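Please brief me on this protein model. Keep it short and group the points by topic.

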Amino acid sequence: MEGDRLVATRPIYAGKLLSKVAWAKEPWVATLRPNVFRPAEAQPGRTAAVERPSPSAPAAIMKFVERREDVSTGLPELAEAETVVSGGRGMKGPENYVILEDLARVIGAAVGASRAAVDAGWRPHRFQIGQTGRTISPKLYLGFGVSGAIQHLAGMRTSKVIVAVNKDPEAPIFKVADYGIVADLFEVVPALTAEFKKLLEK
Ligand SMILES: Cc1cc2nc3c(=O)[nH]c(=O)nc-3n(C[C@H](O)[C@H](O)[C@H](O)COP(=O)(O)OP(=O)(O)OC[C@H]3O[C@@H](n4cnc5c(N)ncnc54)[C@H](O)[C@@H]3O)c2cc1C
């Protein structure tokens, strides 16, 4: 709150700039990206009424039928996952995503992809991270064979910790990465999976 106004900060131009916006009219309505804020801790003595409005006009033409979880991969939903493993063109082909899925299963991560991988038909579009895909803010993002184009960064640069594995030391993703490994992902992924398995079994 700034005085009695609600002011929000939102990314524009694919995350290159942040703009501050306020509402011209009431009621103020805002939507939040998943994982951007931690749930507020309950504070003793402070309560707030939660109103659940039921908009009448759309309800007349829309009906909630059922919510279906995507069970095709058995992995967490991309936008909600605390850890995301992402594969780009460096994965070389759709058949190689099994090594990312193996790693993801061990650490409880979702598997995402770059647009190059999606355009090549290696992964369905719902797994695309970036400007024309999903925006994610996980605690940990691990990118394998992703160069870090600005349009990809637009969808994941707010991740809390970014790890990049790329055999090109000049890859732009290293500019935003907290940890970088210059190596062949086909050596690193199985080694990480084995190491995490050992650690988590302890
Ligand atoms: C309007 C517009 C919207 C776009 N929207 C999106 C979007 O939403 N999301 C998105 O991702 N992109 C988007 N793009 C595309 C974007 O510009 C890039 O082309 C794309 O992100 C590149 O994908 P990539 O990093 O997988 O492939 P590349 O740029 O080809 O990078 C592949 C990387 O893999 C590395 N590599 C290769 N083999 C190995 C190996 N064995 N081990 C380790 N590393 C290896 C290479 O060194 C390279 O850095 C958009 C583009 C436009 C113009």
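Arg-123 is found in the loop between H3 and S5; helices (H or I, at least four residues) and strands (E, at least two) are DSSP runs, numbered from the N terminus. Arg-123 is buried because its relative accessible area is 11%, where buried means under 20%, exposed over 50%, and partly exposed in between (1.4 Å probe, protein chains only). This is a predicted model: local features need pLDDT of at least 70, side-chain atom pairs count only at pLDDT 80 or more, and totals for chains, interfaces and linings use all residues. Residues are numbered from 1 along each chain as its sequence is written, and side-chain values use heavy atoms, with hydrogens and water left out.

**Around Arg-123**
- The side chains of Arg-123 and Glu-101 are joined by a polar contact of 3.2 Å. A polar contact is a pair of N or O atoms within 3.5 Å; within protein, one must be able to donate a hydrogen and the other to accept it, and residues adjacent in sequence count only if both atoms are side-chain atoms.
- Leaving aside neighbours within four places in sequence, Arg-123 is in contact with residues including Tyr-97, Val-111 and Val-118. Contact means heavy atoms within 4.5 Å.

**Nonpolar cores**
- A nonpolar core is a set of buried Ala, Val, Leu, Ile, Met, Phe, Trp, Tyr and Cys residues joined through side-chain atoms within 4.5 Å.
- The largest one has 20 residues, of which Val-85, Met-91, Tyr-97, Leu-100 and Phe-144 touch the most other members.
- At least two residues of this core come from each of helix H2 (97–107), strand S4 (110–113), helix H3 (115–119), strand S5 (140–144), strand S6 (161–166) and helix H6 (185–201).
- H2 gives the largest share, four residues.
- Apart from this core lies another, of 16 residues, among them Ile-136, Val-146, Met-156 and Ile-173.
- In soluble globular proteins, nonpolar side chains tend to be buried together.

**Helix H6**
- H6 has 17 residues and reaches 24 Å from its first C-alpha to its last. That is close to the 24 Å expected at 1.5 Å a residue, the expected span being 1.5 Å times one less than the number of residues.
- Leu-185, Val-188, Val-189 and Thr-193 are buried in H6.
- Seen down the axis of H6, its buried residues fall within an arc of 130°, so they line one face of the helix. The arc is that of the directions from the helix axis to the C-beta atoms.
- Glu-187, Lys-198 and Glu-201 are exposed on the other side of H6.
- The cover over the buried residues of H6 includes H2, S5, S6 and strand S7 (179–182).
- Asp-184 caps the N-terminal end of H6, with a side-chain oxygen 2.8 Å from the backbone nitrogen of Phe-186.

**Around the ligand**
- Of the 26 residues around the ligand, Arg-89, Ser-114, Thr-132, Ser-147 and Asn-166 come nearest. A residue is near a molecule or strand if one of its heavy atoms lies within 4 Å of it.
- A polar side-chain atom of Ser-147 lies 2.7 Å from an oxygen atom of the ligand.
- A backbone N or O atom of Ile-129 lies 2.8 Å from a nitrogen atom of the ligand.

**Trp-23**
- Trp-23 lies in the loop between strand S2 (17–22) and helix H1 (56–61).
- Trp-23 counts as partly exposed because its relative accessibility is 25%.
- A polar atom of the Trp-23 side chain lies 3.0 Å from the backbone oxygen of Val-29.
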